[in-house]
Amino acid sequence: MNDVAKIFSEAGKSLTVEQENLFVLYREYLKEYNEKVNLTAITDDREIAVKHFLDSVLGEKFLPRNATVVDVGSGAGFPAVPIKIVRPDLKFTLMDSLNKRIVFLQSLTEKMGLSDVTPVHMRAEEGAKTYREKFDAAVARAVAPLPTLLECVLPLVRVGGVFVAYKGNAEEELTQSERALRILGGKLLCREEFLLYGDKRTVLVFEKASKTPDRYPRLQNKPRISPL
């Protein structure tokens with residue numbers, strides 16, 4: 001059992017040998033690539049395993065079997081790639097606005113031999129035109145405040161689908177998001193709070209209860225500048 005598997009085991013999650021090896025390959029390639037392109041400030045082996053890998057997979061249980069999933073603001077692949085390692089049934093689209101991250105993700109997924117993972121260079125607001133209500137589920141981690149995030153992500157999810165958002169302490173953001181949820185057709189299904197080696201983490205699960213009005217998301221960065 002390698003150190004990644006041990007950390008997962010301590011959290012009650014078991015990995016196959018193949019999964020252990022994929023996580024180690026991911027970590028080593030991330031550190032190597034990070035020396036030339038800044039992808040993460042976390043470079044310690046244990047911290048990568050806890051704060052990137054384990055944190056990412058804690059929301060996977062809320063994703064339906066064989067779902068098509070969009071990861072908005074995928075960055076260095078979190079949470080989508082760790083979830084894909086433990087849930088090969090899922091089909092992912094990794095959406096990010098920075099091309100240097102997309103180049104990394106293309107290289108990473110080829111190196112890891114992952115199928116049904118498609119990186120796309122696109123802002124979420126633009127993605128809502130091409131992929132409007134196309135996905136069974138969406139995930140996002142460390143991207144934007146919740147009202148902004150809901151406006152960018154919910155238009156991508158089909159009615160009846162789910163959006164899994166990864167947050168720290170989410171209480172204030174949830175209160176600020178009540179209007180956005182009403183307007184965008186979202187509904188909070190559940191929330192799960194836990195301590196990740198001392199850090200408070202919250203997974204929020206939203207249902208796409210009704211169709212998002214066509215005027216959302218607004219363009220020209222309005223979801224960030226003037227949140228609903």
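Reply: A helix here is a DSSP run of H or I, at least four residues long, numbered from the N terminus. The model is predicted.

Start with Gln 19. This residue is found in helix α2, residues 17–34. The side chain of Gln 19 reaches the backbone nitrogen of Thr 16, at 2.9 Å. Leaving aside residues up to four places away in sequence, Gln 19 touches Ser 14, Ile 85 and Val 86.

Now the packing of α1 on α3. Helix α1 covers residues 3–10, and α3 covers residues 45–57. Their axes lie 10 Å apart, at an angle of about 50 degrees. That angle makes α1 oblique to α3. The crossing of the two is right-handed. From α1, the contact takes in Asp 3, Val 4, Ile 7, Phe 8 and Glu 10. They meet Asp 45, Arg 46, Ala 49, Val 50, Phe 53, Leu 54 and Val 57 of α3. Eight of the residues in this contact are nonpolar, four are charged and none is polar.

Last, α7, residues 146–153. Eight of its eight residues are buried, so α7 is largely enclosed by the rest of the structure. The buried residues are Leu 146, Pro 147, Thr 148, Leu 149, Leu 150, Glu 151, Cys 152 and Val 153.

Conventions:
Residues are numbered from 1 along each chain as its sequence is written. This is a predicted model: local features need pLDDT of at least 70, side-chain atom pairs count only at pLDDT 80 or more; totals for chains, interfaces and linings use all residues. Side-chain values use heavy atoms; hydrogens and water are left out. Axes are lines fitted to C-alpha atoms, for helices over the stretch in contact, and angles run from 0 to 180 degrees between N-to-C directions. Angles under 35 degrees count as roughly parallel, over 145 as roughly antiparallel, 65 to 115 as roughly perpendicular and the rest as oblique. A crossing is left-handed if the near helix is turned anticlockwise from the far one by less than a right angle, and right-handed if clockwise. Contact means heavy atoms within 4.5 Å. Ala, Val, Leu, Ile, Met, Phe, Trp, Tyr, Cys and Pro count as nonpolar, Asp, Glu, Lys and Arg as charged, and the others, Gly among them, as polar. Buried means under 20% relative accessible area, exposed over 50%, partly exposed in between (1.4 Å probe, protein chains only). A polar contact is a pair of N or O atoms within 3.5 Å; within protein, one must be able to donate a hydrogen and the other to accept it, and residues adjacent in sequence count only if both atoms are side-chain atoms.
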